[in-house]
Amino acid sequence: MNLTPIWGSLTVFIVCPLLGGLPLIDWLTYALTGRQLGKLGTGNISVSAAFYHGGKVAGVCAVLSEAAKGISAVLLARVFFPVGSTWEILAIIALVMGRYWISKGAGTTNAVWGIVAHDAIAAGLVWLISLVGFTIIRDRLMGKYGALVLLVMIIGLRHPYQPEYALTTFALACLLGWIYQNIPDDLDLVATATNSQSSQSKMFRFFQGDKNILSLNSRLDARQVGAKAANLSRLKRQGYDVADGWILRPGDDLQVLVQKLEPTTQAPLIVRSSAIGEDSASASAAGQYISILNVTNKDQLESAIINCQASYLNSSAIEYRRHNQQKETSMAILIQQQIEGQYSGVAFSRDPVNQLQDTVAIEALPGPASKIVSGQYTPQRYQVAIPQASLTMSPEQSITVIAEKSNQTAMIPQDIIASAALLAREMEDLFGGIPQDIEWTYDGAKLWLLQVRPITTMQPIWTRRIAAEVIPGKIRPLTWSINQPLTCGVWGKIFTIVLGDRAKDLNFEQTATLHFASAYFNASLLGTIFRRMGLPAESLEFLTRGAKFSKPPLSSTLRNLPGLWRLLKREWQLDNHFASDHAKLFVPILAEITDQSLKELSPTEIIDRIKTILGLLDKATYYHILAPLSFALRQSILKVAETELDNSQVPEVMAVSYLAEIATEARKLLATEQITFDSSASLFAHIAENSEGISVMERFGLWLEQYGYLSEVATDIAIPRWQDKPGIARQMFTRFYFDVHGAKIAQAPVNISPQSWQAKLVQKRLNLKGQVAEIYNKLLAQLRWAFLALEQQWLNSGLITEAGDIFLLKLEEITTLVEQGQLPSLSKLIQTRKQQWQAAAQLNPVPKLVYGKPQTISWQAPVVNPTNRIQGIGCSPGQIEGVIKVISSLQQSDSEAWAAPNRLDLQTIIVVPYTDAGWSPLLARAGGLIAEVGGRLSHGAIIAREYNIPAVMDVDHATSLFHDGQLVRLDGQTGIIEILN
């Protein structure tokens with residue numbers, strides 16, 4: 001057997017990538033100039049970078065070294081294969097792959113000289129036709145990609161009966177084209193003082209092209225021309241009033257643009273900077289670069305462009321970029337028609353000073369926009385309140401404009417101020433919910449947009465969406481010191497599975513935080529993660545506004561395939577992994593913990609138990625997050641309706657159903673006795689005294705033992721469990737005892753038709769979600785009881801004075817107190833935390849969105865205009881017309897809703913802040929549900945579907961928007977609520 005082809009192929013595919021990866025250009029440039037290309041400009045190790053940063057000698061050496069690589073790869077292939085074979089092209093492909101993945105270069109020079117060695121005639125034809133075409137057309141992109149097309153065509157024509165040549169050349173062309181899409185171009189770098197007049201700069205300008213002048217009508221990339229020009233281009237193409245403009249790209253020959261434009265006294269131009277990194281989410285660069293107004297002739301235009309470019313190299317600008325950790329990149333120049341404004345100003349879609357105030361802040365003056373940003377005039381300040389929009393009301397109907405201080409000489413017509421405010425909010429919506437700073441001017445006919453950029457001081461954006469569902473209500477320090485690292489850590493692990501090394505610069509500890517003692521997720525961070533994962537641009541709007549997801553771009557999906565495959569494997573094995581951990585870890589350790597009484601343990605032993613539980617919770621939290629995600633993903637992909645699924649195995653549903661069954665049995669035993677009970681205590685006393693009620697009491701005790709780990713908010717260990725306060729469970733029992741209809745609904749089996757194979761796959765994940773929730777909530781209950789046992793010992797010793805004070809301490813503080821026996825200023829610390837928590841508890845409702853880092857807890861709920869049509873998230877299908885009953889808490893429900901049996905019926909639509917297991921008896925009696933927070937996977941939605949009542953979740957400020965007695969129509973499918981009176 002001839003082994004030469006085998007050894008040859010192995011040699012080509014091993015040696016050529018390694019040869020391509022040798023950073024010869026970097027070594028040569030460093031040896032000649034002392035500069036490391038990887039730390040300069042684009043970071044590319046390329047021939048053009050060597051010319052740009054190292055000069056002519058370094059550039060020529062770079063060309064020779066890379067040409068030698070290309071020729072060597074072809075010669076290597078000839079050692080094993082015939083001269084001119086397709087293996088020579090394959091060797092070039094392997095070389096280019098190594099050049100890109102190892103050495104951060106495009107490999108164009110390698111490929112060119114490799115093709116020269118392979119087929120000099122084809123290479124010459126491609127070079128000649130490309131050079132002539134580029135000289136005529138002067139379009140750089142067309143030149144690059146046109147040469148690749150020519151290469152495939154000419155190689156194919158030279159081997160008309162050997163299609164393998166065209167195929168391998170096509171593969172090489174596709175590889176190079178893909179690399180061009182994924183690597184920055186050094187030809188986009190700005191000319192600097194050291195190379196602007198050099199011969200290599202002239203060469204740069206030639207290959208950069210200059211005939212295809214960019215305008216704001218073009219689709220622009222912020223990475224190439226800066227965010228200022230790219231944003232204005234996007235807005236102009238979408239129909240907004242943006243003045244005509246042209247862009248001089250970094251390194252382009254300014255003479256071409258100067259000759260094209262005709263500034264005059266009647267039609268002056270303005271020359272503006274659009275640096276890479278300017279007007280970004282992290283740094284605005286406001287005032288760092290100059291703008292030149294009133295350019296009225298070509299000489300002024302040329303001078304203005306040069307001066308604007310030179311401002312990039314000002315010491316203050318360089319220091320600003322260094323302070324904000326921005327790379328030294330380049331600057332594009334934006335030339336626009338100058339608008340002569342009658343009134344001009346800036347508008348902030350959110351007030352950057354009073355960050356919790358839900359108004360648009362505007363500063364404006366009569367005259368052109370230059371006055372407002374010059375700092376030489378005092379503008380008139382306005383606060384504009386824009387009511388939350390509804391389905392039947394346009395915001396213009398009730399906008400409120402308030403001038404902060406009267407200055408009659410500077411007063412601007414209110415309709416202009418209102419229009420500017422609406423435009424600012426529109427820009428916020430357009431740019432993914434990120435607060436925007438806009439510059440505008442009004443010329444007597446139109447309101448022109450001059451600039452749009454993010455308000456950098458209002459980052460990150462924190463959202464209550466999802467967080468309010470996961471852990472509602474006010475949160476004490478101990479709860480958060482446990483939940484925050486667990487939740488953020490697990491989310492970090494999941495995201496890292498997909499992103500791999502691209503997650504290294506992300507701080508997952510910032511995934512969630514507390515504001516006003518309420519949980520918030522970092523929407524800005526999650527938006528960054530979503531974009532890196534290839535999810536659609538509106539992912540951030542999904543978190544902040546509830547927008548629907550669209551399909552991600554195919555290119556992003558392909559890029560993330562390795563990470564998605566890793567996550568998919570975990571998803572597929574999720575039930576097996578949980579079953580293993582359930583048998584080996586959760587069940588035996590929980591049994592061991594349950595068997596040993598906390599009263600027998602010392603403080604140190606209690607801390608050891610807490611650490612054991614936390615170790616289990618770390619694993620359980622992973623399942624508690626991934627199981628619902630897996631369920632939602634399967635349900636979405638397989639298109640399975642909620643009505644096809646059986647929620648009866650969810651722990652809360654099982655608990656309530658079993659309790660209703662016990663209450664029904666008790667009612668039958670006492671049915672013949674005409675006795676009136678005024679409370680749950682008197683009912684239970686009568687059952688206990690009745691000889692036939694002993695079995696009921698036993699069953700209730702077993703029920704409490706089995707489900708006593710549940711509570712109103714199971715994820716908050718500061719909230720009592722049913723086992724802690726049996727009165728809660730007894731009240732639930734009493735409700736079912738008196739409410740025959742509610743008990744019947746709670747016990748009614750779900751009518752599920754035979755499931756399809758798709759529904760069975762989704763049902764499997766739904767059941768797993770319930771099993772995980774049981775373990776997770778049991779661990780949290782055990783954790784709570786361990787802390788309560790420790791607190792009791794401290795109360796007995798006088799270390800603390802009031803029950804519940806332990807929840808005002810953080811986990812690390814409790815551990816320190818046990819291990820060291822003291823904590824400095826303990827009583828003062830507890831008192832301070834108690835005052836802070838009580839102050840935060842008074843703030844209700846809290847903002848749905850928080851921008852930046854607010855320093856105050858003063859907040860006023862936004863204006864909610866009365867309207868007859870409100871949109872939420874439909875979570876349980878069905879329609880109902882009924883009467884509103886607002887119930888702000890379960891305590892209110894105890895004192896009001898069940899004071900008389902006729903308070904709630906199937907024509908009652910209850911409005912609540914959130915829902916959990918304790919609300920189940922209430923839902924069993926109602927005809928519909930409206931909740932301020934929650935989604936399709938929330939407890940309230942699941943129970944509503946189980947009881948077949950329509951439900952709409954995520955209705956902002958619902959408990960204050962609706963009032964008792966209102967007649968409404970609720971559609972649980974569309975999420976629309978109509979107020980009928």
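Colleague: Which residues does Q635 touch, not counting those up to four places away in sequence?
Modeller: Q635 touches V640, A641, E642, L645 and V762. This is a predicted model. Q635 sits in helix α25, residues 603-638.

Colleague: Why is Q635 called buried?
Modeller: Its relative accessibility is 11%. Buried means under 20%. Q635 therefore counts as buried.

Colleague: How far apart are Q635 and R765, in sequence and in space?
Modeller: They are 130 residues apart in sequence. Their C-alpha atoms lie 9.3 Å apart. R765 also belongs to a salt-bridge network with E571, D575, R634 and K764.

Colleague: What makes K298 and E262 a salt bridge?
Modeller: Their side chains meet at 3.3 Å, N to O. The cut-off is within 4 Å, so the pair qualifies. K298 is in helix α14, and E262 is in the loop between α13 and β3. They are 36 residues apart.

Colleague: What makes R699 and E665 a salt bridge?
Modeller: The closest N and O atoms are 2.2 Å apart. That is within 4 Å, so the pair counts. R699 is in helix α28 and E665 in helix α26. The whole structure has 35 salt bridges.

Colleague: Why can M97 be part of the nonpolar surface patch?
Modeller: M97 has 35% relative accessibility. Patch residues need over 30%, so M97 passes that test. M97 is in helix α5. The patch has about 1000 Å² of accessible area together. Helix α1 gives the most to the patch, with six residues.

Colleague: How do you know that β12 and β14 pair?
Modeller: Two bridges join them. Pairing takes at least two, so they pair. The strands run antiparallel. T463 stands opposite F521 in β14.

Note on methods
Residues numbered from 1 in each chain as written. Predicted model: local features only at pLDDT ≥ 70, side-chain atom pairs only at ≥ 80, totals over all residues. Heavy atoms only, no water. Patch = residues over 30% accessible without salt bridge, like charges linked within 9 Å, V, L, I, M, F, W, Y side chains within 5 Å. Areas by Shrake-Rupley, 256 points an atom, 1.4 Å probe, with all protein chains shown as cover. Helix = DSSP H or I, 4+ residues; strand = E, 2+ residues; numbered from the N terminus. Buried < 20%, exposed > 50% of the residue type's maximum accessible area, 1.4 Å probe, protein only. Contact = heavy atoms within 4.5 Å.
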